[in-house]
Amino acid sequence: MKRGESGLSLVVGVDKPEGMSSHDVVNRCRRIFGERRVGHTGTLDPLATGALAVCIGPATRLDAYFVNHDKVYDVRIAFGTATDTDDRCGQVIRTAEVPPELSDETQARAFLFTCLGKQLQTPPQYSAIKRDGKRAYEAARAGNVVELDAREITVYAADLLQTGRTEDGVLFWDVRFGVSKGTYIRSLARDIGVRLGTAAHVSELRRIEVGGLHVDQCVTLEELEAAGPKAAIDPVRLLGFRTVFLNERQQADVANGKRLPAKTLQLFEAPRNDQGDCCMTAHAKRSSAPLADGETISMVAGNTLVALYSAQVNHGMVSPCCVFAQGVYRGSNI
């Protein structure tokens, strides 16, 4: 085993604390597991807390499959001031009067309903988006304004949790947003302020869910330190792909990176978080739907995810797109 390799291959869910960057969490996990190959699966701002999936060892090859999921956030939108970062960590760049009707929960809910659906969103100046090889936040810190292109996003849910005022009298809305990949909650807050004829920024942000990972499945870094590999969560459940439980012959073929005839595979439904131990063969639900061209399938052997395969419907085959010499541990609670 090479230096900096732990022999572990697993995924953990971390409840990221406020004040740490996602990279800080990665460095902490490197120390906890004695493993240099660690990667997170979706950046959270230092201000934000909540669900962050972290891959350990060879499982880092799953990173690309975890980044395109929908997300759910709880956000506190503070009205009356706008900042250069669109959150409370930035410098105030504008103040505005707050219309008194924004305190009315009925009107707040009615407005949030208008936020639903597909829309174009301009990312915040302080973001990790690259322009001409340089990240936007680096240019912003140097005093240069970078023109970022608007991108299409979808807001699936915008539920008002409460309205209130801080000790300083600042009006806020607590909102739960369900959004598509690539959505910046800071930009949502900024644009909500503009549309309401005032100014606004994010004062608190918590990621409740990302893909198949809910914050209730996550552990604090202190709990992770104590639990170690026992904190592993099931990557098959997180991926949400349909599953094949391999027999011995299929295991050998997959280990050698061979293509498999699609007609020889028994597919099982993608597991969900509310299905208990459905990921085990005895409790899994068989799937009768035909394979879709390009569909990704989780290949499972025992208590490990051993590969991801892609369907080639026209050829009647499935082909490897990610094979693990060391399978990814599915945890002790499947």
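Contact here means that heavy atoms lie within 4.5 Å of each other. The model is predicted, and the account begins with Arg207, which belongs to strand β12 (residues 200-210). Leaving aside residues up to four places away in sequence, Arg207 touches Gly42, Thr43, Leu44, Thr49, Gly50, Ala51, Leu52, Lys71, Val72, Tyr73 and Val215. Arg207 is buried but has no salt bridge, since the nearest side chain of opposite charge, that of Asp45, is 9.1 Å away. The Arg207 side chain does, however, reach the backbone oxygen of Ala51 at 2.8 Å.

Strand β3 (residues 49-56) is mostly covered, with eight of its eight residues buried. The pairings of β3 are set out below.

| Partner of β3 | Sense | Bridges |
|---|---|---|
| β1 (residues 10-16) | antiparallel | seven |
| β2 (residues 38-40) | antiparallel | three |
| β12 | parallel | two |

Within these pairings, Leu10 is bridged to Ile56 of β3, His40 is bridged to Val54 of β3, and Gly50 has Arg207 in β12 as its bridge partner.

Elsewhere, five strands form an open sheet in the order β15-β17-β18-β19-β16, with mixed pairing. Because β15 (242-245) and β16 (260-261) stand at the edges with a single partner strand each, one side of each is left without a neighbour in the sheet. β16 pairs with β19 (residues 317-329) in the antiparallel sense over two bridges, and Pro261 stands opposite Met317 in β19. Helix α8 (residues 248-255) lies across β15, β16, β17 (296-301), β18 (304-312) and β19, and runs at about 80 degrees to β18.

Note on methods. Residues numbered from 1 in each chain as written. Predicted model: local features only at pLDDT ≥ 70, side-chain atom pairs only at ≥ 80, totals over all residues. Heavy atoms only, no water. Pairing = 2+ DSSP bridges. Helix = DSSP H or I, 4+ residues; strand = E, 2+ residues; numbered from the N terminus. Axes fitted to C-alpha atoms, helices over the stretch in contact; angles between N-to-C directions. Buried < 20%, exposed > 50% of the residue type's maximum accessible area, 1.4 Å probe, protein only. Lys, Arg positive; Asp, Glu negative; His and termini not counted. Salt bridge = Lys/Arg side-chain N within 4 Å of Asp/Glu carboxyl O. Polar contact = N/O pair within 3.5 Å; in protein donor to acceptor, adjacent residues only side chain to side chain.
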